[in-house]
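Please read the following report alongside the sequence and the coordinates.

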Amino acid sequence: MPEPYVPKEAISHGDGGSAALAIGEAESLERRPGAAPPGGPPVSVGKPRSLWSDAWHDLCRNPVFVISALVILFLVVIAIWPQLIATGNPYRADLAKAQQGSQPGHPFGFDTQGRDVYTRVVYGARASITVGVCATTGAALLGSLLGGLAGFFGGWGDTLLSRLADIFFGIPVILGGLVFLSMVTSTTVWPVVGFIVLLGWPQVSRIARGSVVTAKQNDYVQAARALGAGNGRLLLRHIAPNAVAPVIVVATIALGTFIALEATLSYLGAGLKPPTVSWGIDISTASPYIRSAPHMLLWPAGALSITVLAFILLGDAVRDALDPKLR
């Protein structure tokens with residue numbers, strides 16, 4: 001028996017049941033993206049946001065990132081221009097005021113040589129920030145270059161890099177710093193920066209290698225290779241932009257770790273050396289007097305803890321924003 005005829009007007013008014021749903025789906029599939037629905041205003045289709053724009057949008061709404069970024073910005077500013085908030089001389093000593101507590105104009109008191117603790121805490125940010133930024137930049141560039149090339153080309157170079165990284169991973173950081181830096185007589189920050197870069201690049205290289213190995217297996221890389229793109233273009237245009245996010249996360253977190261490592265080596269007498277103003281040196285000087293003059297230790301230790309915590313929280317926020325699995 002032939003099926004009864006159902007007029008289109010009846011279908012459009014809901015009398016056709018499943019037939020109305022089918023016609024609606026077909027019309028929606030045939031409609032071009034951005035085209036206006038029947039009887040409705042046009043629909044605007046915006047440009048899709050990239051991973052970086054999405055990450056920045058998430059970071060701006062993350063209070064942890066905002067607070068840590070403001071703290072780091074303040075630390076960078078006083079590291080470059082400490083005289084903005086500290087007008088004294090960090091080397092000026094007055095033995096008559098040795099180990100005295102807070103006084104008008106000297107809120108943090110004085111150390112064992114009568115130097116203003118507040119001024120030395122402010123000026124100590126310069127050495128720590130310089131070591132952290134320079135060491136992180138050097139380790140990130142060296143590790144990314146070696147790890148990226150090893151992951152892209154593979155072969156014996158990849159095997160050699162892996163074994164070399166294993167050797168550096170087996171060196172105890174503190175013990176290696178005591179041995180290496182004890183032979184250096186320079187009072188600048190560069191021997192400490194060089195040592196941290198020497199032991200910090202293997203971790204970055206492993207992250208970079210894994211990211212490149214994953215990225216080069218994607219379809220767009222294979223398509224670019226099939227279209228005749230060379231190795232340099234593949235690395236710079238297609239692989240590096242999509243493999244750099246994990247390196248940025250690791251480098252951001254490592255920056256706080258490197259600042260703590262510099263302070264530890266300076267505390268042990270193998271890192272920065274006087275007359276350089278450093279939180280680690282001041283903590284080492286104040287340690288024997290923690291009972292009689294605790295302010296000498298608490299203020300530089302507190303500044304160091306806040307700095308390291310700010311960079312670690314910043315790295316955690318960046319990791320959460322750049323990791324697609326956490327979205």
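## Cavity, helices and backbone

Sorted by class, the residues that line the largest cavity comprise 4 nonpolar, 1 polar and 4 charged ones, where Ala, Val, Leu, Ile, Met, Phe, Trp, Tyr, Cys and Pro count as nonpolar, Asp, Glu, Lys and Arg as charged, and the others, Gly among them, as polar. The model is a predicted one, in which local features need pLDDT of at least 70 and side-chain atom pairs count only at pLDDT 80 or more, while totals for chains, interfaces and linings use all residues. Residues are numbered from 1 along each chain as its sequence is written, and side-chain values use heavy atoms, with hydrogens and water left out.

Rolling a probe the size of a water molecule over the atoms shows where empty space is left. A cavity is here a set of points, on a 1 Å grid over the protein atoms alone, where a 1.4 Å probe fits but cannot get out, and its lining residues have an atom within 4 Å of a point. Grid points are joined across faces, edges and corners, and the volume is the space filled by probe spheres set on the points. A search of the whole structure finds 1 cavity of 30 Å³ or more, and the volume of the largest cavity is about 90 Å³. Its lining consists of D111, R115, V117, R120, D282, T285, A286, M296 and P300. Helices α5 (117-153), α11 (279-286) and α12 (295-322) each supply at least two residues of this lining, and α11 gives the most, with 3 residues.

The secondary structure of the protein comes to 12 helices and 0 strands, taken as DSSP runs numbered from the N terminus (helices: H or I, at least four residues; strands: E, at least two). Helix α8 (residues 190-215) has 26 residues and spans 35 Å from its first C-alpha to its last, close to the 38 Å expected at 1.5 Å a residue; the expected span is 1.5 Å times one less than the number of residues. At G200, α8 bends by about 35 degrees, and the proline P202 follows within four residues, the bend being the angle between axes fitted to the seven residues ending there and the seven starting there.

Most residues other than glycine have a negative phi, and most peptide bonds are trans. Q99, in the loop between α4 (63-80) and α5, has a positive phi near 65 degrees. P274 and P275 are joined by a cis peptide bond with omega of about 10 degrees, and P275 is found in the loop between α10 (231-267) and α11.

Of the 327 residues of the protein, 37% count as buried, with buried meaning under 20% relative accessible area, exposed over 50%, and partly exposed in between (1.4 Å probe, protein chains only). The table gives this value for several residues.

| Residue | Relative accessible area | Class |
|---|---|---|
| A55 | 3% | buried |
| C134 | 26% | partly exposed |
| Q99 | 30% | partly exposed |
| A240 | 37% | partly exposed |
| C60 | 41% | partly exposed |

A55 is found in helix α3 (residues 51-60), and its C-alpha atom is separated by 8.6 Å from that of D320, 265 residues apart along the chain. A240 has its place in helix α10, and the C-alpha atoms of A240 and A208, 32 residues apart along the chain, are separated by 9.3 Å. The count of disulfides, pairs of cysteine sulfur atoms within 2.5 Å, comes to 0.

How values were computed
On a 1 Å grid over the protein atoms alone, a cavity is a set of points where a 1.4 Å probe fits but cannot get out, and a pocket is an open set with protein on both sides within 12 Å along at least five of seven lines; lining residues have an atom within 4 Å of a point.
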